[in-house]
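Hi,

Here is the structure I promised to pass on. Have a look at it first, and then read on for what turned up in it.

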Amino acid sequence: RFIDCENRTIVSENVVDRYAAPSYVWGAHDSHHSDRTPFNYGNLLPSNLPTVIEDSTFAAGKLGYIYLWVDRYCVNQDNLEDKHHQISTWRR
């Protein structure tokens, strides 16, 4: 799964050829999972994204990337089977 920076939706990895991925640390608030969006394709991102994610979405677009990969929104942290599947598809 990836974030479509133009439409602010979650999209399938099947449509992505190039993407950006920010490096950041989840804060204490993040561990509560309070603003995570459901992990279905086409779902809109929350309107109150953390600043680092909002800035990353903006920067990726300015750098010519349509897609952004952010683990918080692109990997279902609450579904171990899905999480394992997502991790196993990462390039080495």
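Let me start with a loop: Arg8 sits between strand S1 (2–4) and strand S2 (9–11). Helices and strands here are DSSP runs, numbered from the N terminus, with helices (H or I) needing at least four residues and strands (E) at least two. What makes Arg8 worth a look is its phi, which is positive, near 55°, although the residue is not a glycine. Most residues other than glycine have a negative phi. Arg8 is also partly exposed, at a relative accessible area of 25%. For these labels, buried means under 20% relative accessible area, exposed over 50% and partly exposed in between, using a 1.4 Å probe and protein chains only.

Before going further, some housekeeping. This is a predicted model, where local features need pLDDT of at least 70 and side-chain atom pairs count only at pLDDT 80 or more, while totals for chains, interfaces and linings use all residues. Residues are numbered from 1 along each chain as its sequence is written, and side-chain values use heavy atoms, with hydrogens and water left out.

Now the overall picture. The protein chain has three helices and four strands, in the order β-β-β-α-β-α-α from the N terminus. Of its 92 residues, 39% are buried. Contact means heavy atoms within 4.5 Å. Among the contacts with a separation of 6 or more, 71% are between residues 24 or more positions apart.

Which residues of H1 are buried? They are Ile53, Ser56, Thr57 and Ala60. Seen down the axis of H1, the buried residues fall within an arc of 100°, so they line one face of the helix. That arc is taken from the directions from the helix axis to the C-beta atoms. Their cover includes strand S3 (19–20), strand S4 (67–68) and helix H2 (71–74). Thr51, Phe58 and Lys62, on the other side of H1, are exposed. Gly61 and Glu6 are 55 residues apart in sequence, yet their C-alpha atoms are 7.4 Å apart in space. After H1 comes Gly64, with a positive phi near 95°.

On to the rings. Rings of Phe, Tyr and Trp (its six-membered ring) pair if their centres lie within 6.5 Å; planes under 30 degrees apart count as stacked, over 60 as edge-to-face and the rest as tilted. By that rule there is one aromatic pair. Phe2 and Tyr19 form it, tilted, at 4.6 Å centre to centre with 50° between the planes. Phe2 is in strand S1 and Tyr19 in strand S3, so the pair ties together parts that are 17 residues apart in sequence. Phe2 is buried at 9% relative accessibility, whereas Tyr19 is partly exposed at 37%.

Finally, Asp82 is in helix H3 (residues 80–88). Asp82 is buried, with a relative accessible area of 13%. Leaving aside residues up to four places away in sequence, Asp82 touches Arg1 and Asn76.

Cheers
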